[in-house]
Amino acid sequence: MVKRSRSRRTAEGAFGLLLLGKVLLLSALVLLILTAGVWTSWKTAQHVMLTKGREQGTMTVSACGETTCTGPFLPKDGQGTVRGKVTIDKSVTHRTGEQIPVAVEPGTSTVVRTGLAGVLHAWIPLGGALVLAALVLAGGLRLRRTAWGAGLAGGGLLVAAFLAL
């Protein structure tokens, strides 16, 4: 057995602590990125996915600005109130005159798209977070297989949302 000096053993121990610190820091960064993606997605997804008890109906797009579109809201099956003007994010519409299935966010005149397209659109921030986390997983943590899985899942979600809308 080779005898090592006390200073060498201390340096090796310090290097091990640095590696452990790097792994913990980057793991916390991945967790933060994914938490932010879920948190941001859930703000919209809760209105799209948990529609029981919410006003549902169709919106006819009548005018679009830079970021939002407006139009009248007609409730589904007469459950709710007819609204002359509600707003929706422009990224879920294609053209004026289009009728979109929507749900009203409680206490506002803002609506969100329902159905598969609405669900996929609501989870776009999580898809982006998965792609970003994949870069940290591969580059910083050297977890290449996990990174490929996260990146493909995020990219698949983004492509599916693009195709659905």
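**Entry 1: Arg-83 and Glu-55.** I began with the side chains of Arg-83 and Glu-55, which meet in a salt bridge with N and O 2.4 Å apart. I then looked up where the partners sit, and found Arg-83 in strand S4 and Glu-55 in the loop between H1 and strand S1 (56–60), so the pair ties together parts that are 28 residues apart in sequence. I note here that this is a predicted model, and that I read every entry below with that in mind.

**Entry 2: the other salt bridges.** How many salt bridges does a search of the whole structure find? I have three in my notes from that search. Besides the pair above, I found Arg-4 forming a salt bridge with Glu-12, where the closest N and O atoms are 2.2 Å apart. I also found the side chains of Glu-12 and Arg-8 meeting in a salt bridge, at 3.2 Å from N to O. Glu-12 and Arg-8 are four residues apart in helix H1, which means that about one helical turn separates them. Taken together, Arg-4, Arg-8 and Glu-12 are linked in a network of salt bridges.

**Entry 3: H1 against H3.** Next I turned to the helices H1 and H3, whose axes come within 8 Å and cross at roughly 170°. Because angles over 145 degrees count as roughly antiparallel, I wrote down H1 as roughly antiparallel to H3. Which residues of H1 meet H3? On the H1 side I listed Leu-26, Leu-29, Val-30, Ile-33, Leu-34, Gly-37, Val-38, Thr-40 and Ser-41, and on the H3 side Pro-125, Leu-126, Ala-129, Leu-130, Leu-132, Ala-133, Val-136 and Leu-137. Sorted by class, this contact of H1 with H3 has 14 nonpolar and three polar residues, and no charged ones.

**Entry 4: helix H2.** Last I looked at H2, which covers residues 115–122, and asked which of its residues are buried. My list holds Ala-117, Gly-118, Leu-120, His-121 and Ala-122.

Conventions
Residues numbered from 1 in each chain as written. Predicted model: local features only at pLDDT ≥ 70, side-chain atom pairs only at ≥ 80, totals over all residues. Heavy atoms only, no water. Buried < 20%, exposed > 50% of the residue type's maximum accessible area, 1.4 Å probe, protein only. Helix = DSSP H or I, 4+ residues; strand = E, 2+ residues; numbered from the N terminus. Axes fitted to C-alpha atoms, helices over the stretch in contact; angles between N-to-C directions. Parallel < 35°, antiparallel > 145°, perpendicular 65-115°, else oblique. Contact = heavy atoms within 4.5 Å. Nonpolar A, V, L, I, M, F, W, Y, C, P; charged D, E, K, R; others polar. Salt bridge = Lys/Arg side-chain N within 4 Å of Asp/Glu carboxyl O.
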